Amino acid sequence: MAKRHRTDVLIIGSGAAGLATALHLAETTRVTVVSKDAIKGGATNWAQGGVAAVTNPDDSFESHIADTVAAGAGLCQEDVVRYTVTRAPNAIKHVVDLGLEFDRHDDGLHLTREGGHSRRRVLHVADATGAAIARTLNERAMQHPNIEIVSMRVAIDVITSRKLGQTPNRAVGAYVYNTRSDTVEVFEAPYVVLATGGASKVYVYTSNPEGATGDGIAMAWRAGCRVANMEFNQFHPTCLYHPRAARETGRGSFLISEAVRGEGGRLLLPDGSRFMDRFDPRAELASRDIVARAIDHEMKRLGAECVFLDISHQRSEFIEAHFPNILSRCLGVGIDMRREPIPVVPAAHYTCGGVVVDLASRADIPGLYAIGETAYTGLHGANRLASNSLLECLVFAEAAAQDIARRRVVEPQVPSAPPDWDESRVSDSDEQVVLAHNWTELRRFMWDYVGIVRTNKRLQRAQRRIDLLRQEIHDYYARHRLSADLIELRNLVHVAELIVRAAVMRKESRGLHYTLDYPRPVSRPSPSILYPAADPLDVLQPLAAPPRRARRNLANTAAS
């Protein structure tokens with residue numbers, strides 16, 4: 001019999017979005033947080049730059065709103081931008097009250113300026129702000145008696161009453177794979193929050209941790225939710241280019257913070273010449289999409305493996321004080337940024353699209369919420385402004401918590417009793433090489449065909465390969481026992497298809513989506529909203545029925 005858990009609110013993901021939500025709820029609610037790892041903070045732990053918020057009298061909400069809308073290239077929802085920006089001070093106060101200490105100088109908070117910002121407004125903790133936020137939230141969550149944290153779990157699918165043949169439809173929990181015990185557990189909860197981060201692991205080069213496999217986006221899509229703007233994948237323009245560093249960490253490219261350029265870092269070609277002023281009057285302080293495309297263009301034009309980011313003209317003491325983490329990592333691979341430029345390349349960094357939610361973080365299915373990089377709120381539009389991501393997590397965590405707390409009072413709590421996970425008709429696999437091969441192939445062709453610069457032909461090639469992989473992965477999923485790799489690969493192929501479908505829909509170049517076939521923007525842009533099948537059960541059926549001995553029951557079978 002499967003292990004079962006019951007809780008008031010199930011939160012899938014232990015980064016800033018998930019833990020901030022848990023802490024807002026915990027005074028009145030029992031909360032269970034499911035984490036893939038040993039509560040390391042997910043992508044939050046890797047965020048270097050900081051949190052954008054208006055805290056300086058010389059700054060204004062209107063300025064922050066204008067910068068966000070400009071970066072979003074015509075696709076931001078301005079009411080959402082205003083909602084987020086005006087609630088930023090309260091979001092900052094909440095984490096400060098929890099014990100976070102931002103860097104200060106004699107006049108108060110020390111603020112940095114990053115690409116796309118017209119003012120210094122980014123609060124930070126040296127160059128490891130995300131790690132400091134993650135540490136603060138982790139400590140408070142683990143101390144709270146109403147918060148249960150279960151680690152080393154990978155969520156498989158959201159359970160809805162409709163999947164179970166019940167009405168009305170709502171979220172009632174999730175199936176979750178325990179990587180330690182190699183078993184599937186049932187988590188029952190009338191409210192489920194998806195805070196699993198983004199999907200940048202769909203690309204071969206990424207600044208994100210191993211877990212950024214689009215789990216929440218894929219699960220919400222299979223449950224019957226809309227997904228939007230998946231074509232807008234932000235490539236951070238400056239990640240450390242050093243093969244040995246990538247091999248030793250096993251985590252892909254190390255991000256060189258936007259703040260390095262904000263403090264005067266210059267981008268250089270291999271011959272030492274600057275080039276960004278040829279692409280944008282803001283030069284190195286242009287938004288990330290422009291800088292990433294410029295670097296990609298120059299690398300391809302010259303056949304260069306990388307470009308260089310130079311801040312060695314600043315005093316050594318300044319670099320040591322402001323970028324200790326980056327300096328340490330570079331020194332670890334033999335690069336002294338105090339005396340020489342850093343070799344850098346673009347890498348997939350942030351998923352601007354996601355699960356469609358409202359201002360309370362509610363998805364299309366009652367009881368289901370999505371927060372942070374998993375969600376599409378309308379804040380980022382066609383490109384995310386630097387350091388608005390942690391802000392979005394903190395603001396919408398509070399919004400979701402307030403909505404859940406209110407609904408728990410007025411909505412009847414009806415137990416659902418979802419069935420145990422059924423593995424009686426599947427077998428162990430002796431073909432793990434299939435997973436490894438498919439994983440590598442998927443990420444490689446997504447980088448080559450659906451990367452920084454796209455064409456119709458490249459997208460068509462990617463779609464054909466996705467169709468083949470999706471069938472293979474579905475057949476594998478239907479016949480064999482689960483593993484973490486299989487769950488993540490299944491999610492990645494679904495996310496890859498959503499990215500390609502959204503990219504095909506957009507007949508223009510805008511923000512992070514640049515296509516040689518439609519190089520100009522259209523005059524009246526709109527979000528790329530993808531709708532699941534009219535009946536979510538259609539989404540949940542396998543593409544081709546596997547042999548009877550391998551079928552899982554309906555509650556356990558999901559889309560490919």
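Asp-182 sits in the loop between β11 and β12 (183–188), where strands are DSSP runs of E of at least two residues and helices are runs of H or I of at least four, numbered from the N terminus. The model is a predicted one, in which local features need pLDDT of at least 70, side-chain atom pairs count only at pLDDT 80 or more, and totals for chains, interfaces and linings use all residues. Residues are numbered from 1 along each chain as its sequence is written, and side-chain values use heavy atoms, with hydrogens and water left out.

Although Asp-182 is not a glycine, its phi is positive, about 60°. With a relative accessibility of 45%, Asp-182 counts as partly exposed (buried is under 20% relative accessible area, exposed over 50%, partly exposed in between; 1.4 Å probe, protein chains only). Asn-229, another residue other than glycine, has a positive phi near 60°. Asn-229 lies in the loop between β14 (227–228) and β15 and is buried, at 0% relative accessible area.

The peptide bond leading from Thr-167 to Pro-168 is cis, its omega being near -5°.

The buried residues of α9 include Arg-288, Ile-290, Val-291, Ile-295 and Met-299. Among the elements covering the buried residues of α9 are β15 (233–240), α8 (258–262) and β18 (342–351). After α9 comes Gly-303, with a positive phi near 70°.

Methods:
Contact = heavy atoms within 4.5 Å.
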